[in-house]
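I opened this entry to keep track of what I looked up, residue by residue and then helix by helix.

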Amino acid sequence: MRHGKKFNHLGRTSSHRAALLSNMASSLILNKRIETTVAKAKELRKYVEPLITKSKTDNTNNRRVVFSYLQNKEAIKELFGIVSEKVSTRPGGYTRIIKLGNRLGDNAEVCFIELVDFNETMLAAAAEKGAKTRRSRRGGAKKEETVAAAPAAEVVEEAAVVAEEPSAEVVEEVAVEETPAAEEAPAAEESSEEKGEDA
């Protein structure tokens with residue numbers, strides 16, 4: 001029975017699977033990014049992230065434990081020298097899987113798996129975007145209004161200066177139009193009074 005044995009065997013024997021993951025982990029550490037299938041990448045993530053966590057504390061025991069998995073001296077040097085410095089502040093999630101679509105020959109899902117801290121383009125994009133700030137409904141709006149009010153006041157003053165000249169002309173035109181109407185109104189009242197007298 002296979003109760004509780006849910007991990008992906010990747011169609012290989014146990015020794016073949018261990019060798020595959022060891023080689024892929026060494027390649028990932030040395031090259032920082034490799035292309036593989038999604039199934040292998042998900043298993044590789046589970047395999048390599050604990051090793052990267054062990055590399056954060058550089059001592060003889062951790063080096064021996066990681067070497068028992070990787071069996072590659074160059075990968076150990078790279079992991080404990082360069083990679084561990086970059087990931088020292090990250091509390092996990094050292095790898096990223098980017099799906100690429102399906103492979104032409106067998107239609108398998110293909111992806112990149114990469115070390116997060118070594119992708120310069122995404123790091124630069126994150127730096128440009130800046131940190132997210134949470135705004136509360138109460139206090140945050142007042143500060144923004146005061147900051148936005150200073151430049152807006154200058155714009156309003158300029159608009160008022162520009163608008164004063166045309167608006168004065170409009171007021172004069174309206175006043176000129178209203179004067180004839182005012183003269184007609186008393187004439188209309190007189191005519192109604194004359195009608196009342198006739199009745």
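I began with Thr37, which I found in strand β1, residues 33-37, and I noted that I am working from a predicted model.

I then turned to helix α4, residues 73-86. I noted that α4 has 14 residues and that from its first C-alpha to its last it reaches 20 Å, close to the 20 Å expected at 1.5 Å a residue. I also wrote down a bend in α4 of about 40° at Leu79. For the buried residues of α4 I recorded Ala75, Ile76, Glu78, Leu79, Phe80, Val83 and Ser84, and I saw that these buried residues pack against α1 (14-31), α2, α3 (60-70) and β3 (109-115).

How do the axes of α2 and α4 cross, and at what angle? I found that the axis of α2, residues 38-55, comes within 9 Å of the axis of α4 and that the two cross at roughly 85°, which makes α2 roughly perpendicular to α4, since angles of 65 to 115 degrees count as such. On the α2 side of the contact I listed Leu51, Ile52, Lys54 and Ser55, which meet Leu79, Phe80 and Ser84 in α4. I sorted the residues of this contact into four nonpolar, two polar and one charged.

Terms used: Residues are numbered from 1 along each chain as its sequence is written. This is a predicted model: local features need pLDDT of at least 70, side-chain atom pairs count only at pLDDT 80 or more; totals for chains, interfaces and linings use all residues. Side-chain values use heavy atoms; hydrogens and water are left out. Axes are lines fitted to C-alpha atoms, for helices over the stretch in contact, and angles run from 0 to 180 degrees between N-to-C directions. Helices (H or I, at least four residues) and strands (E, at least two) are DSSP runs, numbered from the N terminus. Angles under 35 degrees count as roughly parallel, over 145 as roughly antiparallel, 65 to 115 as roughly perpendicular and the rest as oblique. Contact means heavy atoms within 4.5 Å. Ala, Val, Leu, Ile, Met, Phe, Trp, Tyr, Cys and Pro count as nonpolar, Asp, Glu, Lys and Arg as charged, and the others, Gly among them, as polar. The expected span of a helix is 1.5 Å times one less than its number of residues. The bend at a residue is the angle between axes fitted to the seven residues ending there and the seven starting there. Buried means under 20% relative accessible area, exposed over 50%, partly exposed in between (1.4 Å probe, protein chains only).
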